[in-house]
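Look at the charged side chains in the structure below. This report describes how some of them pair.

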Amino acid sequence: MILLTIVMLFSLAQPASAAFWNLSGDLMLHDPSITREGNTWWAFGTGEVDKTGIRVMVSQNGTSWSPTPVIFPQPLAWWKNYVPNHTGPQWAPDIQYYNGRYWLYYSVSSFGSNNSLIGLTSTASISSGNWRDDGLVIRSTTSNNYNAIDGDLVIDANGDPWLSFGSFWSGIKLTRLDRNTMKPTGQLYSIAARPNHPDGAVEAPNITYRNGYYYLFVSFDKCCQGLDSTYKIAYGRSRSITGPYLDKNGVNMMNGGGTILDAGNERWIGPGHQDVYNNNLIIRHAYDAENNGMPRMLINDLYWDSQGWPRY
(Lines give C-alpha, C1' and ligand atoms only; values in the text may rest on other atoms or scores of the structure.)
Protein backbone atom coordinates (compact mmCIF):
# COMPACT_ATOMS: atom_id res chain seq x y z
CA MET A 1 0.00 0.00 0.00
CA ILE A 2 2.80 2.43 0.88
CA LEU A 3 4.63 1.62 -2.36
CA LEU A 4 1.46 2.18 -4.40
CA THR A 5 0.92 5.57 -2.75
CA ILE A 6 4.50 6.59 -3.52
CA VAL A 7 4.12 5.51 -7.15
CA MET A 8 0.91 7.53 -7.58
CA LEU A 9 2.33 10.63 -5.90
CA PHE A 10 5.41 10.41 -8.12
CA SER A 11 3.19 10.14 -11.21
CA LEU A 12 1.19 13.21 -10.23
CA ALA A 13 4.42 15.13 -9.54
CA GLN A 14 5.99 14.50 -12.93
CA PRO A 15 7.21 17.60 -14.79
CA ALA A 16 5.30 19.00 -17.75
CA SER A 17 7.61 17.24 -20.19
CA ALA A 18 6.18 13.89 -19.05
CA ALA A 19 3.12 14.46 -21.23
CA PHE A 20 1.20 11.21 -21.50
CA TRP A 21 0.75 8.65 -18.75
CA ASN A 22 2.13 5.32 -19.94
CA LEU A 23 -1.14 3.39 -20.18
CA SER A 24 -1.54 -0.31 -20.92
CA GLY A 25 -4.27 -2.91 -21.15
CA ASP A 26 -7.70 -2.29 -22.69
CA LEU A 27 -7.69 1.42 -23.54
CA MET A 28 -10.62 1.64 -25.97
CA LEU A 29 -12.81 4.23 -24.27
CA HIS A 30 -14.79 7.02 -25.90
CA ASP A 31 -16.01 10.12 -24.00
CA PRO A 32 -14.17 9.14 -20.80
CA SER A 33 -14.77 10.31 -17.24
CA ILE A 34 -12.51 9.29 -14.35
CA THR A 35 -12.58 9.01 -10.57
CA ARG A 36 -11.00 7.14 -7.66
CA GLU A 37 -12.57 5.04 -4.94
CA GLY A 38 -9.92 4.44 -2.30
CA ASN A 39 -6.84 3.36 -4.23
CA THR A 40 -8.81 2.05 -7.20
CA TRP A 41 -9.23 4.10 -10.37
CA TRP A 42 -12.43 3.88 -12.42
CA ALA A 43 -13.11 5.24 -15.92
CA PHE A 44 -16.50 5.34 -17.61
CA GLY A 45 -17.24 5.91 -21.27
CA THR A 46 -19.69 5.51 -24.13
CA GLY A 47 -20.51 1.86 -24.75
CA GLU A 48 -19.45 -0.19 -27.72
CA VAL A 49 -21.16 0.35 -31.08
CA ASP A 50 -24.40 -1.61 -31.53
CA LYS A 51 -24.41 -2.69 -27.87
CA THR A 52 -26.39 -1.19 -25.02
CA GLY A 53 -24.69 -0.03 -21.85
CA ILE A 54 -21.99 2.24 -20.45
CA ARG A 55 -18.44 0.96 -20.62
CA VAL A 56 -16.60 0.69 -17.27
CA MET A 57 -12.83 0.31 -16.86
CA VAL A 58 -10.82 -0.34 -13.69
CA SER A 59 -7.19 0.10 -12.69
CA GLN A 60 -5.29 -0.44 -9.45
CA ASN A 61 -2.50 1.96 -10.37
CA GLY A 62 -3.99 4.41 -12.87
CA THR A 63 -1.97 3.04 -15.78
CA SER A 64 -2.94 -0.62 -16.38
CA TRP A 65 -6.63 -0.86 -17.32
CA SER A 66 -9.13 -3.67 -17.80
CA PRO A 67 -12.88 -3.78 -18.55
CA THR A 68 -15.61 -4.68 -16.05
CA PRO A 69 -19.30 -5.40 -16.70
CA VAL A 70 -21.18 -2.58 -18.39
CA ILE A 71 -23.87 -0.55 -16.65
CA PHE A 72 -27.26 -1.07 -18.34
CA PRO A 73 -26.64 -4.35 -20.16
CA GLN A 74 -30.32 -4.04 -21.07
CA PRO A 75 -32.08 -0.77 -21.93
CA LEU A 76 -34.22 0.76 -19.20
CA ALA A 77 -37.89 0.68 -20.18
CA TRP A 78 -38.56 4.35 -19.42
CA TRP A 79 -36.00 5.64 -21.93
CA LYS A 80 -38.38 5.01 -24.83
CA ASN A 81 -41.00 7.25 -23.25
CA TYR A 82 -38.75 10.19 -24.12
CA VAL A 83 -36.43 8.93 -26.87
CA PRO A 84 -38.32 6.20 -28.73
CA ASN A 85 -35.69 5.97 -31.48
CA HIS A 86 -32.59 5.81 -29.29
CA THR A 87 -29.93 3.56 -30.73
CA GLY A 88 -26.80 1.69 -29.72
CA PRO A 89 -24.99 2.36 -26.46
CA GLN A 90 -25.55 5.07 -23.90
CA TRP A 91 -23.25 8.04 -24.35
CA ALA A 92 -20.92 10.36 -22.53
CA PRO A 93 -21.17 9.38 -18.85
CA ASP A 94 -19.87 11.71 -16.16
CA ILE A 95 -18.89 10.33 -12.73
CA GLN A 96 -18.56 12.46 -9.60
CA TYR A 97 -18.53 11.78 -5.85
CA TYR A 98 -20.79 14.04 -3.81
CA ASN A 99 -22.64 13.81 -0.52
CA GLY A 100 -21.80 10.16 0.11
CA ARG A 101 -22.59 8.75 -3.34
CA TYR A 102 -21.05 8.40 -6.78
CA TRP A 103 -23.38 10.09 -9.28
CA LEU A 104 -23.24 8.99 -12.91
CA TYR A 105 -24.99 11.16 -15.52
CA TYR A 106 -25.42 9.64 -18.99
CA SER A 107 -27.04 10.44 -22.34
CA VAL A 108 -29.67 8.60 -24.39
CA SER A 109 -30.13 9.85 -27.95
CA SER A 110 -29.47 9.08 -31.59
CA PHE A 111 -26.74 10.62 -33.70
CA GLY A 112 -27.50 14.09 -35.04
CA SER A 113 -30.80 14.46 -33.15
CA ASN A 114 -31.69 16.70 -30.22
CA ASN A 115 -34.55 14.44 -29.17
CA SER A 116 -32.43 13.38 -26.21
CA LEU A 117 -32.29 12.85 -22.47
CA ILE A 118 -29.80 12.88 -19.63
CA GLY A 119 -30.40 10.15 -17.06
CA LEU A 120 -28.89 9.49 -13.66
CA THR A 121 -27.72 6.42 -11.80
CA SER A 122 -25.84 6.34 -8.50
CA THR A 123 -24.14 4.10 -5.99
CA ALA A 124 -22.55 4.29 -2.56
CA SER A 125 -19.66 2.16 -3.86
CA ILE A 126 -18.56 1.65 -7.47
CA SER A 127 -16.88 -1.64 -6.64
CA SER A 128 -20.18 -3.03 -5.31
CA GLY A 129 -21.77 -2.77 -8.76
CA ASN A 130 -25.03 -1.84 -7.04
CA TRP A 131 -26.29 1.01 -9.23
CA ARG A 132 -29.60 2.68 -8.40
CA ASP A 133 -31.76 4.04 -11.23
CA ASP A 134 -32.42 7.69 -10.37
CA GLY A 135 -34.41 8.36 -13.53
CA LEU A 136 -34.73 11.34 -15.83
CA VAL A 137 -32.70 14.50 -15.19
CA ILE A 138 -33.48 16.68 -18.20
CA ARG A 139 -34.67 16.15 -21.76
CA SER A 140 -34.79 18.04 -25.03
CA THR A 141 -37.06 17.68 -28.04
CA THR A 142 -36.94 18.92 -31.61
CA SER A 143 -38.75 22.06 -30.44
CA ASN A 144 -35.84 23.03 -28.16
CA ASN A 145 -32.82 25.01 -29.33
CA TYR A 146 -30.40 22.89 -27.28
CA ASN A 147 -29.46 19.23 -26.97
CA ALA A 148 -29.70 17.40 -23.62
CA ILE A 149 -26.59 15.25 -23.86
CA ASP A 150 -23.04 15.38 -22.45
CA GLY A 151 -24.09 16.11 -18.86
CA ASP A 152 -21.29 17.08 -16.47
CA LEU A 153 -21.64 17.54 -12.69
CA VAL A 154 -19.70 20.32 -10.95
CA ILE A 155 -19.74 21.34 -7.29
CA ASP A 156 -19.45 25.08 -6.75
CA ALA A 157 -17.42 26.95 -4.12
CA ASN A 158 -20.39 26.80 -1.72
CA GLY A 159 -20.77 23.04 -2.08
CA ASP A 160 -23.83 23.22 -4.31
CA PRO A 161 -24.21 20.91 -7.36
CA TRP A 162 -24.73 22.14 -10.93
CA LEU A 163 -25.04 20.34 -14.26
CA SER A 164 -23.59 21.63 -17.53
CA PHE A 165 -24.60 19.97 -20.77
CA GLY A 166 -25.06 20.53 -24.46
CA SER A 167 -24.01 19.69 -27.96
CA PHE A 168 -24.26 21.92 -31.05
CA TRP A 169 -27.58 23.82 -31.55
CA SER A 170 -27.41 26.93 -29.30
CA GLY A 171 -24.46 25.62 -27.31
CA ILE A 172 -23.64 24.80 -23.71
CA LYS A 173 -26.20 25.15 -20.92
CA LEU A 174 -25.94 25.14 -17.12
CA THR A 175 -28.55 24.47 -14.45
CA ARG A 176 -28.46 24.31 -10.67
CA LEU A 177 -29.32 20.98 -9.03
CA ASP A 178 -31.12 20.10 -5.83
CA ARG A 179 -28.63 18.69 -3.29
CA ASN A 180 -30.88 15.75 -2.45
CA THR A 181 -32.44 14.75 -5.76
CA MET A 182 -29.52 15.89 -7.94
CA LYS A 183 -32.14 17.11 -10.43
CA PRO A 184 -32.56 20.64 -11.88
CA THR A 185 -34.20 23.35 -9.78
CA GLY A 186 -35.23 25.61 -12.63
CA GLN A 187 -33.33 28.21 -14.63
CA LEU A 188 -31.14 27.35 -17.60
CA TYR A 189 -28.07 29.52 -18.22
CA SER A 190 -26.22 29.73 -21.55
CA ILE A 191 -22.45 29.71 -21.05
CA ALA A 192 -20.81 28.85 -24.41
CA ALA A 193 -21.80 28.95 -28.06
CA ARG A 194 -20.29 29.36 -31.53
CA PRO A 195 -22.81 31.61 -33.31
CA ASN A 196 -20.51 32.25 -36.27
CA HIS A 197 -19.58 28.61 -36.83
CA PRO A 198 -21.46 26.88 -39.70
CA ASP A 199 -22.89 24.18 -37.42
CA GLY A 200 -22.25 25.61 -33.95
CA ALA A 201 -19.80 22.84 -33.14
CA VAL A 202 -19.29 22.99 -29.38
CA GLU A 203 -20.09 20.21 -26.90
CA ALA A 204 -18.86 18.06 -24.01
CA PRO A 205 -18.59 20.72 -21.27
CA ASN A 206 -16.54 20.11 -18.15
CA ILE A 207 -16.27 22.70 -15.36
CA THR A 208 -13.77 22.72 -12.51
CA TYR A 209 -13.25 25.26 -9.72
CA ARG A 210 -9.79 26.45 -8.75
CA ASN A 211 -8.51 29.45 -6.78
CA GLY A 212 -11.52 31.68 -7.28
CA TYR A 213 -12.18 30.79 -10.92
CA TYR A 214 -14.51 28.37 -12.65
CA TYR A 215 -12.81 26.85 -15.70
CA LEU A 216 -15.00 25.67 -18.56
CA PHE A 217 -13.47 23.09 -20.90
CA VAL A 218 -15.34 22.22 -24.10
CA SER A 219 -14.77 20.27 -27.29
CA PHE A 220 -14.85 22.11 -30.62
CA ASP A 221 -15.59 20.77 -34.12
CA LYS A 222 -16.25 17.21 -35.30
CA CYS A 223 -16.06 14.06 -33.23
CA CYS A 224 -16.56 10.43 -34.10
CA GLN A 225 -15.06 10.47 -37.61
CA GLY A 226 -11.98 8.41 -36.79
CA LEU A 227 -8.90 9.84 -38.46
CA ASP A 228 -11.07 12.48 -40.15
CA SER A 229 -12.13 13.90 -36.78
CA THR A 230 -11.33 17.56 -36.13
CA TYR A 231 -12.13 17.56 -32.39
CA LYS A 232 -10.06 19.81 -30.14
CA ILE A 233 -10.21 20.98 -26.52
CA ALA A 234 -10.78 24.66 -25.69
CA TYR A 235 -11.28 26.55 -22.42
CA GLY A 236 -12.16 29.79 -20.70
CA ARG A 237 -12.76 30.92 -17.13
CA SER A 238 -15.12 32.99 -15.01
CA ARG A 239 -15.39 34.31 -11.44
CA SER A 240 -19.03 33.15 -11.47
CA ILE A 241 -20.18 29.65 -12.32
CA THR A 242 -22.90 31.12 -14.55
CA GLY A 243 -20.36 33.12 -16.56
CA PRO A 244 -19.32 35.00 -18.52
CA TYR A 245 -16.47 32.64 -19.43
CA LEU A 246 -13.60 34.43 -21.17
CA ASP A 247 -10.63 32.89 -22.96
CA LYS A 248 -7.01 34.08 -22.59
CA ASN A 249 -7.67 36.86 -25.12
CA GLY A 250 -10.73 38.05 -23.24
CA VAL A 251 -13.23 36.70 -25.80
CA ASN A 252 -16.52 35.56 -24.33
CA MET A 253 -17.19 31.87 -24.96
CA MET A 254 -20.78 32.80 -25.81
CA ASN A 255 -19.30 34.59 -28.83
CA GLY A 256 -17.18 31.67 -29.99
CA GLY A 257 -14.24 32.29 -27.66
CA GLY A 258 -12.06 29.49 -26.35
CA THR A 259 -8.31 29.04 -25.98
CA ILE A 260 -7.12 25.76 -27.47
CA LEU A 261 -5.56 23.34 -24.99
CA ASP A 262 -5.12 20.31 -27.24
CA ALA A 263 -5.65 20.00 -30.99
CA GLY A 264 -3.89 16.65 -31.31
CA ASN A 265 -0.74 15.63 -33.14
CA GLU A 266 0.37 13.25 -35.87
CA ARG A 267 -0.53 10.18 -33.85
CA TRP A 268 -3.44 11.32 -31.69
CA ILE A 269 -6.16 12.74 -33.91
CA GLY A 270 -9.22 14.67 -32.71
CA PRO A 271 -8.70 14.76 -28.93
CA GLY A 272 -11.76 15.69 -26.95
CA HIS A 273 -14.58 14.94 -24.56
CA GLN A 274 -12.27 15.79 -21.72
CA ASP A 275 -12.72 15.33 -17.97
CA VAL A 276 -10.57 17.13 -15.39
CA TYR A 277 -10.10 15.26 -12.12
CA ASN A 278 -8.93 16.88 -8.88
CA ASN A 279 -7.45 19.78 -10.92
CA ASN A 280 -4.28 17.78 -11.55
CA LEU A 281 -5.09 15.38 -14.35
CA ILE A 282 -7.08 15.38 -17.55
CA ILE A 283 -8.51 12.41 -19.42
CA ARG A 284 -9.91 12.50 -22.96
CA HIS A 285 -10.17 10.29 -26.02
CA ALA A 286 -8.32 10.60 -29.30
CA TYR A 287 -8.08 8.48 -32.46
CA ASP A 288 -4.90 6.48 -32.86
CA ALA A 289 -3.29 7.04 -36.28
CA GLU A 290 -1.06 4.01 -35.63
CA ASN A 291 -4.05 1.71 -35.03
CA ASN A 292 -6.58 2.44 -37.79
CA GLY A 293 -8.15 5.32 -35.90
CA MET A 294 -9.24 3.33 -32.86
CA PRO A 295 -10.57 5.58 -30.07
CA ARG A 296 -8.33 5.41 -27.03
CA MET A 297 -8.34 7.14 -23.68
CA LEU A 298 -5.38 9.39 -22.91
CA ILE A 299 -4.40 10.69 -19.47
CA ASN A 300 -2.09 13.61 -18.72
CA ASP A 301 -0.99 15.47 -15.63
CA LEU A 302 -2.63 18.90 -15.72
CA TYR A 303 -0.62 22.00 -14.80
CA TRP A 304 -1.45 25.67 -14.26
CA ASP A 305 0.72 28.63 -15.22
CA SER A 306 1.49 31.66 -13.06
CA GLN A 307 -1.63 33.45 -14.34
CA GLY A 308 -3.83 30.48 -13.45
CA TRP A 309 -4.37 29.10 -16.97
CA PRO A 310 -4.29 25.33 -17.61
CA ARG A 311 -1.60 23.49 -19.56
CA TYR A 312 -0.26 19.95 -19.74
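The text below covers the salt bridges of this model.

The model is a predicted one. Side chains of opposite charge can pair when their charged atoms come close. The structure holds 11 salt bridges, and the table lists some of them.

| Salt bridge | N to O distance |
|---|---|
| Arg132 and Asp134 | 2.6 Å |
| Lys232 and Asp221 | 2.5 Å |
| Arg267 and Glu290 | 3.5 Å |

In the pair of Arg132 and Asp134, the closest N and O atoms are 2.6 Å apart. Arg132 has a relative accessible area of 38% and is partly exposed. Asp134 has a relative accessibility of 16%; buried means under 20%, so Asp134 counts as buried.

Lys232 forms a salt bridge with Asp221. Lys232 and Asp221 are both buried.

Arg267 and Glu290 also meet through their side chains in a salt bridge. This pair links distant parts of the chain, 23 residues apart. Arg267 is in the loop between strand 17 (259-262) and strand 18 (268-277), and Glu290 is in the loop between strand 19 (281-288) and strand 20 (294-301). With a relative accessible area of 30%, Arg267 is partly exposed. Glu290 has 61% relative accessibility; exposed means over 50%, so Glu290 counts as exposed.

Salt bridges also link Asp26, Glu48, Lys51 and Arg55 in a network.

Notes. Residues are numbered from 1 along each chain as its sequence is written. This is a predicted model: local features need pLDDT of at least 70, side-chain atom pairs count only at pLDDT 80 or more; totals for chains, interfaces and linings use all residues. Side-chain values use heavy atoms; hydrogens and water are left out. A salt bridge is a side-chain nitrogen of Lys or Arg within 4 Å of a carboxyl oxygen of Asp or Glu. Buried means under 20% relative accessible area, exposed over 50%, partly exposed in between (1.4 Å probe, protein chains only). Helices (H or I, at least four residues) and strands (E, at least two) are DSSP runs, numbered from the N terminus.
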